[in-house]
Amino acid sequence: MFKNRKYNDIIAFHKNLMLKEKGQVYAMFEVPAMNLSRTDEQAKETAKAIQHSAFLELIPYHNGEILTLPMNLDVFSRYQVLSDDLADDTREVAEYMFDGTLDLFAEEMGAPYEYRYFMVIPLKNNFISTNLIKTIKTTFEQLKAQAMGYLKEKQFFEDWYEEYEGLNDTLSSTLSTLDAKPTNGEQTKFINRYQYLRGLYYNREHEVNMLENSISNLEEVRKKYFVDGTSRLGNDYGESVVKVLPIAYLPNNVSYFHLVEYIQTMPFPVEVNTKYYFNKRKGWNSIKKKAERALGRLKQTQIEAYEKDSIQNDNIGASVEVLGDVIQRDNANEVFLSYLMTLIITGESVEEVEWKQNHLMEKMKAYNVELSSAMGDQPYLLDKLTFASDLLATDKNWIQPMSIESFCENLFFVTEKVGFDYGFYLGRVDGSSRNYGGDFKQALSDSNNLVFVNPFAVNKDILGKVTNNPATDVTGETGAGKSFLAKLLFLYMTLMKSKNLYIDPKAEMRNQYLKVMEEYKNAPIPDDDASEKEIWSYNFKQAIVRYIEKINFITFDAENEKNHGVLDPIVFLTGQEAVDLSKTLVKQVIPEKYRNIDFDTEFPNAVEMFLEKRKRGELVGLLSVFEYLKDNEVEGISKVAKYLIGNSHRSVLSLIFSNGQNKAISMESRITILEVQGLSLPQAGDKPEQFTDAQINSLAIMYALGHFCTWFGRRDKSENTSTLFDEAWFLESTPIGAHILKEKRRTGRSYNDFTFQVSQSVKDKSELEGLKDSTSFGQTFAFLEPNEVDEELAYLKIPKTDESRKMMNTMTRAQCVYKDCFGRKSRMTVDGVFPEIAKLFETQEGKNASARKVA
């Protein structure tokens, strides 16, 4: 049935101020959420201490409210911003991915959302008159018309807000502890309008324009109440079912309660409205007097039960203990407040709301929190929860009295966010320590906390960042999902305006990409009966074919004479850099028995001489240097040169030792995937002293590749470049390799050059205490390495506690801890949304066949 709606008595807005018809003025502030990892208990205690201090400062304002609102996350608009950075030649693939993720979000969660916090506080001052005659221009005729229901607009002095600006500034200063900022005029209007749009589709700009046109549009909504304990809201776009669930009972001990943080882990949006007032310290209605009266009644009940030899209810004893604690705290001058906390859920149908209510009640029961269904009180609650209306001492139902310190145990104003506001969809935050046992799709389903990544924003000046370091580390055990993530990140980089290089030492990407390209080229054209999704998938596959055709695949193969010398320092480098790399390579491949101090002295001079020849146009390389030195009259020099000549003809070393007959590799293509055939690389855990000759020579090739990547990244400061070094642990495992990678990362800070390293361990034998330095990276994705949990926590700078170890140990495939350039750390699940894309990343026959498969 229809119910007459209660009148929202706000009659004017100015910036963050709201004027009510009786002259009260309220101020609205947005409190930025403090980003906390769920395992960081120390940070949570700090947050609660800050909140406690802030609420003590708010006592003179008597009451207020905290709004925890699941606001729509306008992903479409964010993608529009990102589209300005897309490369024209691969834009169609990015746009297909944008469309696909938007459809996914709509299917799985309706509208994506993020939690935002607001406070509404009354401005009161004995020196400012709130007399209705002064604040609101009222005449007898207006009052008469208002009484008859004819007056649609209130009349008031246009400069009503001027007397409150000083108070507003004072309150703003008081809330600075929370970093709260006054809302602007558009925000204030929209937040007030939001309470009549719960669960509905809306256009924010339209709603604000409507309210700016007339204050009477504030409550413009179709509202119904039903006997099933729900209400309906409706607008031109549709109807939503709304349910308000007040918290009836809390556990006696609320230490480490963190209820508001816990509510955000629900797999659907839950609005939390918390209204409070500070209790009086003296008088009949003071918290102490109320506790003493209640304690007296309970003790009398205990006495009567004892005299009748009956069994007491355990709750009576617990209540006596709690009331005694309240009296003791009051005697210690602790300040108490009373509050009403309600949880608000919405859905498209009664059945959906019932499912959410049951899920919420089940989760709250496990948390020792009792919710009331309040079936007959929905109209009262929705009226009481109107923003900028006070909780009064006369309100009796569901009121929770407690000290300010205990109130702050709810842990307001926190979130667990990681990544960027504008970027490609990467996955979802998993705020739990649950072991999903390999079922990462369930982990995705359990979270609506989206993660976006923008690879080229890492070194940009963005508010809140703690580093501009453009290097990214992807580390973890083989099979955990890091290879999939690395290739997905590379794909995202290639869709943006940039030049990109993927170093593939395992030589597996080219074959897979070309195989997929042929499969998609020959995919059957959908017939007339095909579904819209099938047609979309076919068109997406054809876009992927065109994307692959733009990739420059390069294979370094020592058996191909055209590849000889492609990584020769004299061929692709100049000056001292060429000399230094030449010395490094030669030192790497010369066995101990051949090393000679005379050769070490003469070799750099010879390299410089042949660099000059190269500059004059002669075709020379390192092999030319060796041939020159083999005729040296010093036997030690000649002996080493002859060894190098012989060894270079019989191994992969012909890639780095040549006569300069081939040109340096061209890197003009925007996307290059470079693989090396014939490498015999060591296994993780092998010690350098145990390396075979083939492994030593292969590492020399990797050293040259590392320098090649550095050269690639600093050719042009004006363009973004990215290099993804797969299996970077080959280099990390030796001091020389670690130095090369460090130099590459250092170069990236001076240029717009972004380095991505993929490795198997956070350990590095070349670094102090056996750990890589995490400050060398702007962001890190750490997958589980079961034998290095404490090392990973130390590397990520996460306190080593039982809870943090559990968080790491229970990660399943496709899950990692993401540490972003803002210093935020969260466990997340990587989402392989598109089977059409995931097929590119397969490394074994038959992998990643499903839509959300990650390998």
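**Exercise 1. Find the volume of the largest cavity, then work out what lines it.**

Step 1. The largest cavity has a volume of about 120 Å³. A cavity here is a set of points on a 1 Å grid over the protein atoms alone where a 1.4 Å probe fits but cannot get out, and lining residues have an atom within 4 Å of a point. Grid points are joined across faces, edges and corners, and the volume is the space filled by probe spheres set on the points.

Step 2. Keep in mind that this is a predicted model, where local features need pLDDT of at least 70, side-chain atom pairs count only at pLDDT 80 or more, and totals for chains, interfaces and linings use all residues. Residues are numbered from 1 along each chain as its sequence is written, and side-chain values use heavy atoms, with hydrogens and water left out.

Step 3. The lining has 15 residues, and Met 97, Tyr 425, Tyr 492, Val 833 and Phe 834 are the closest to the centre.

Step 4. At least two lining residues come from each of H3, S16, H16 and helix H29 (835-838). Helices (H or I, at least four residues) and strands (E, at least two) are DSSP runs, numbered from the N terminus.

**Exercise 2. Which residues have the most contacts inside the largest nonpolar core?**

Step 1. A nonpolar core is a set of buried Ala, Val, Leu, Ile, Met, Phe, Trp, Tyr and Cys residues joined through side-chain atoms within 4.5 Å. Buried means under 20% relative accessible area (1.4 Å probe, protein chains only), exposed over 50%, and partly exposed in between.

Step 2. The largest core has 73 residues, and Leu 426, Tyr 513 and Phe 781 have the most contacts inside it. Helix H16 (residues 482-494) gives the largest share, nine residues.

Step 3. A second, separate core has 65 residues, including Val 31 and Phe 278.

**Exercise 3. Is strand S9 enclosed or open, and how is it paired?**

Step 1. In S9 (residues 231-235), five of the five residues are buried, so the strand is largely enclosed by the rest of the structure. Ser 231, Leu 233 and Asn 235 cover one side, with Arg 232 and Gly 234 on the other.

Step 2. Strand S8 (residues 222-225) runs antiparallel to S9, with four bridges between the two. Their hairpin has five residues between the strands, and Gly 229 in the turn has a positive phi of about 85°.

Step 3. Strand S10 (residues 238-249) also pairs with S9 in the antiparallel sense, over five bridges. Two residues separate S9 and S10 in this hairpin.

**Exercise 4. Where does Ala 388 lie, and what is its phi?**

Step 1. Look in the loop between helix H13 (378-384) and strand S14 (400-403) to find Ala 388.

Step 2. Ala 388 has a positive phi of about 65° although it is not a glycine, and it is buried, with a relative accessible area of 1%.

Note on methods: Two strands pair if DSSP finds at least two bridges between them. On a 1 Å grid over the protein atoms alone, a cavity is a set of points where a 1.4 Å probe fits but cannot get out, and a pocket is an open set with protein on both sides within 12 Å along at least five of seven lines; lining residues have an atom within 4 Å of a point.
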